Amino acid sequence: MQEGKKKEIKFDDLEKVFENVTKKPAARGGVEEKKEEKKKKGATCILPDAKRAYQMNIMVNKFRKYTWDQVRDAILNLDKKIVNNELATTLLPFAPQPEEIQVCADWDGDKTELDGASNFMVAIHNIPRFVFRLRAFVFKDEFEAKVEAAVGDIGTFYKGCKTVKQNTNFQDFLSYTLQVANFLNAGTNRGNAQGFKMKSILAFNGVKSADGKTSLYGYIIEKINSENPECLNWVKEMKIINDLAKMNVDELTRDVDMIKSQINTIKVHLDQSEKSNPKDEGFINTFKEFYEKSKPVVDDADKEAKECKEMYFECCKYYGEDEEGIKKQTSEEYWGLWK
């Protein structure tokens, strides 16, 4: 090759054409490192119980539309737009535990580094009366239905006891039955009885006539039907006994007692909320008016429950039961004897 002046070639487009080869690694703190950092963010869990944190991470997905501050405010103010009855019930098992409260109170790092469960707990760990707040919220939502059901059943039971106690046809039937029993027991220590317990009538079916064709109970019904058929109308008039036999008066009154207890506990927390510094405005705003309107309703229900139980005892005693006997059996068992 002949020596001479070398022709200069410009490679100014080399870097552009072979960008895939000449690309240099990003400097520390550049795009690649930031991507790597981004992967690491939101992965830190500060909660002590890993299993609980895992379950909590699943639960907090329900709040994915909201910021953690919005979640805190929603629980603090019991905002039904975010926290409904179902969600409040779901939150209860995740109430802050002492160890979690301490960890969250001590945390002063970057929240973006935390996983969902940790962020949730950091946001809500110092909400006052967290558990009662949510339980009271659920109770408030269900209050009307609970009172209506309790008072309705109490009313039915009271009416039934009163009907049985005041039914003159049934009283006449028992009077005829007592006459027959005293006649058969004349001359024995069971003769001339002034009354009998209702379960004694069950034995009448076991007393057979001489020819074995009828029972004592059947004989009484036949005689009354021929001489005073109107007396037997008590069978239709007292069908409510079928309803009474399905109810437990202790449970009915207990339901009202539970409602009364919850209302009274709300009042205690309202008083505490007023005295706390700062005041728990979210709790006060949610429950103050509710308590003022609900307390008279609960007082009326409580009065009806007491009257219902008194009527039941009066009815039992009227038909020969002593107080000890009444307490030994449930109202379901007692009315079951009448069916």
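Arg 129, Arg 133 and Asp 280 are linked in a network of salt bridges, a salt bridge being a side-chain nitrogen of Lys or Arg within 4 Å of a carboxyl oxygen of Asp or Glu. The structure holds 18 salt bridges. This is a predicted model, in which local features need pLDDT of at least 70 and side-chain atom pairs count only at pLDDT 80 or more, while totals for chains, interfaces and linings use all residues. Residues are numbered from 1 along each chain as its sequence is written, and side-chain values use heavy atoms, with hydrogens and water left out.

**Overall fold**
- The chain has 17 helices and 0 strands, taken as DSSP runs (helices H or I, at least four residues; strands E, at least two) and numbered from the N terminus.
- Of the 339 residues in the chain, 35% are buried (buried means under 20% relative accessible area, exposed over 50%, partly exposed in between; 1.4 Å probe, protein chains only).

**Salt bridges within helices**
- In helix α14, Asp 271 and Lys 267 lie 4 residues apart, about one turn of the helix, and their side chains meet at 2.9 Å, N to O.
- Asp 271 is partly exposed at 32% relative accessible area, and Lys 267 is partly exposed at 31%.
- Helix α15 (residues 281-318) contains both Lys 293 and Glu 289, whose salt bridge spans 3.0 Å, N to O.
- Lys 293 is exposed at 57%, whereas Glu 289 is partly exposed at 49%.
- Lys 328 and Glu 324 both belong to helix α16 (residues 323-328), and the closest N and O atoms of their salt bridge are 3.3 Å apart.
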